[in-house]
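Reader: I have a structure open and some questions about it. Can we go through it together?

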Amino acid sequence: LNQVRARYHEMSRSARNNQEHHTQEMGLQWLIMRRGESFTIQLRFNRRFHSGTDYIIFVAETDEPPTELASDFTIHTNSLFVSLFTPANAVIGPYTLKTDISQGPGHSTTHPLGTFILEILLQEYIMMDYGFVYNGHERVITPWPWNYGQFEEDMIDICFQILNKSLYFLENPTKDYSQWNNVVYVCRVVSAMINSNDDSGVLQGSWREDYSPGVSPLEWTGIPMLFFSLVMRCLGVPTRVISNFHSAHNVDANLTIDTYYDQHAEMLPTQKRDKIWNFHVWNECSMIQKDLPPGYNEWQVLDPTPQQTSSGLFHCGPASVKAIREGKVHLPYNTPFVYAEVNADEVVWLLEDAQAQELLAHIISSIRKEISTKMVGSDQSQNITSSYKYPEGSREERSVFMKASWKMLGPWKAPSPFLDLLGSGGFEDQLAQLQLYLTRKAEWGQDLLPKLNAGSLADRAQPQGPIRLVMHLRAQTLLHDGGTWEPLWRQIVHLTLDFGEETQWLLLLPYNYRNKLMDEKLICVSGIAKVEETGRSMLVLKDISLGPPRLSTEVSERAKVGKALRVHILFTNTLSVVLSHCTMVLEGSNRPFLTFSLGTLVARHTIQIQLDLYPHQSRTPPAASPHQQQQIKEIKGYKYIFVAAGRAS
């Protein structure tokens with residue numbers, strides 16, 4: 001038997017193994033196996049195998065001590081079909097498979113058979129190589145097509161290279177590698193390695209709208225910029241992308257975000273790092289943490305782009321979603337920070353002479369207005385806010401908030417009046433009620449028509465006569481991290497309200513804002529009204545999200561492997577201005593980018609592009625069609641294309 005002719009590249013059943021383990025999309029260059037399941041190989045010998053006298057031991061070697069694999073076999077003339085069973089708690093990574101062959105006790109010979117890779121399982125959260133990141137505003141949520149690319153060529157190698165470059169591995173490779181069977185450990189390592197704040201990570205973060213010399217994230221569609229979900233899905237960990245709209249960044253962990261305005265209703269910059277981001281994206285991984293109580297496993301939050309360190313490194317999580325909902329901020333990992341992201345209150349101050357003069361609002365519903373992820377089997381967003389918290393303002397939500405406040409703040413950090421403020425719901429002694437709303441849908445390229453609604457309220461402490469208001473209104477560009485720029489629009493309104501009277505005031509915000517906005521096209525309209533009778537001030541706020549023109553992608557027939565597929569792409573410039581230097585990029589799974597120069601598009605003009613694609617795999621990727629130019633970067637379209645297998649020739 002010492003002429004064993006099996007090698008990895010001769011393992012004729014590798015294609016079937018990868019298919020049975022749902023890893024065939026990663027290619028046949030590697031034998032990629034799921035942990036806790038069996039795979040089959042075929043050995044060929046120079047004579048018939050005799051089960052009574054011939055002995056074979058299968059050994060899988062990695063940087064850990066060798067592991068003897070349990071096996072079952074079937075004899076067929078000079079061949080041996082062997083099923084090998086991998087432990088469910090085995091370390092993930094590449095293994096070298098060897099056999100020790102002997103005839104009875106005594107000398108044995110060792111034969112290397114090849115290499116295989118062990119992974120950890122689920123269709124939507126592992127096998128799907130495309131999905132959506134949801135951005136924009138909680139009232140105008142935009143699906144952003146994303147190609148994860150975990151099945152792209154060499155991606156499995158790249159994932160392990162990321163692990164091998166971590167600070168833990170560089171410091172002690174043996175100790176680091178021995179923990180690759182611990183999903184919590186691997187997730188924390190990958191979370192640290194996606195950002196490059198303190199190691200040789202993948203991405204360099206920029207939070208102030210200047211992405212040079214890199215590329216704006218709004219121009220990404222996936223794998224050119226590796227990110228956490230790609231790596232974890234490639235390693236076999238169920239992972240989904242989460243968007244938290246109005247996400248708190250509460251550095252000092254006091255569960256409040258302070259915002260400041262001057263008497264003219266202009267939001268002021270602050271040196272404090274506490275901000276309310278328009279939206280923030282993190283990930284959830286499904287796993288079991290042995291140090292969590294029963295019922296607190298499954299989905300765990302991991303954030304590979306945190307703004308502060310944990311255990312000396314920039315990584316965050318895994319934090320139990322159930323623990324966040326119940327206010328169990330003492331549970332690992334980084335649960336207090338994630339809890340604050342979805343639960344902090346906003347406290348708004350009137351600032352004069354660099355001092356907070358008046359408390360304008362205590363808003364308990366400003367943060368976490370919606371938490372979204374991709375719905376299973378659909379491109380629609382699913383609101384999962386209830387997984388993170390009880391209904392806003394409910395007795396359960398406020399009770400959990402106060403419990404978490406005491407745990408996070410403690411009596412030594414916050415005096416009793418402060419916690420009383422946190423528990424209060426707002427102000428009940430206002431003389432008037434103010435509201436800003438849009439009279440028509442806000443569209444990029446159009447004038448905006450907000451309307452102010454003001455009504456007098458009864459108050460026992462004041463006479464039932466008219467009240468006079470002087471209202472300053474401002475519109476400012478809203479940046480991604482919650483900051484603003486100089487006002488792009490100003491107006492003053494004088495109102496006199498009789499007791500119980502309600503009035504409306506139509507406002508006009510002209511389209512000269514077009515060169516003053518950032519990529520996300522968000523405007524914050526704010527108003528501060530001073531009541532002449534009391535000297536008190538009132539605040540009214542309205543965020544406006546401007547959606548870009550839409551791009552549609554359609555196919556005329558069913559897609560089959562190897563058969564030409566006609567794709568129609570339609571785009572109308574709905575703006576009143578010319579779009580210059582337009583470029584369209586067509587992307588799909590496992591296919592190179594196709595780039596088209598469109599030149600200049602005149603206002604109100606429609607273009608149509610037709611092209612033929614030749615699918616080479618029977619898969620179900622979307623064809624994403626980002627459309628980019630200097631004025632607007634985030635015009636995107638997408639289309640699911642279900643590719644059927646071609647006929648065997």
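Reader: What is the pLDDT like over residues 421-426?
Author: In this predicted model, pLDDT (the predictor's confidence in each residue, from 0 to 100) stays under 50 over residues 421-426. For that stretch the model has 15 contacts (heavy atoms within 4.5 Å) beyond four places in sequence.

Reader: How should I read a stretch like that, and what is the mean pLDDT of the protein chain?
Author: Where pLDDT is low, the predicted coordinates should not be read in detail. The mean for the protein chain is 82, with 86% of residues at 70 or more.

Reader: Which helix has the lowest mean pLDDT?
Author: Among the elements, that is helix α12 (residues 416-423), at 46, while helix α8 (residues 321-326) has the highest, 96. Helices here are DSSP runs of H or I, at least four residues, and strands are runs of E, at least two, numbered from the N terminus.

Reader: New topic. How many residues are in the largest nonpolar core?
Author: It has 54 residues, and I41, F58, L97, F116 and W180 have the most contacts inside it. A nonpolar core is a set of buried Ala, Val, Leu, Ile, Met, Phe, Trp, Tyr and Cys residues joined through side-chain atoms within 4.5 Å; buried means under 20% relative accessible area, with a 1.4 Å probe and protein chains only.

Reader: Which helix gives the largest share of this core?
Author: Helix α6 (residues 183-194), with 9 residues. A second, separate core of 52 residues includes I467 and L586.

Notes
Residues numbered from 1 in each chain as written. Predicted model: local features only at pLDDT ≥ 70, side-chain atom pairs only at ≥ 80, totals over all residues. Heavy atoms only, no water. Buried < 20%, exposed > 50% of the residue type's maximum accessible area, 1.4 Å probe, protein only.
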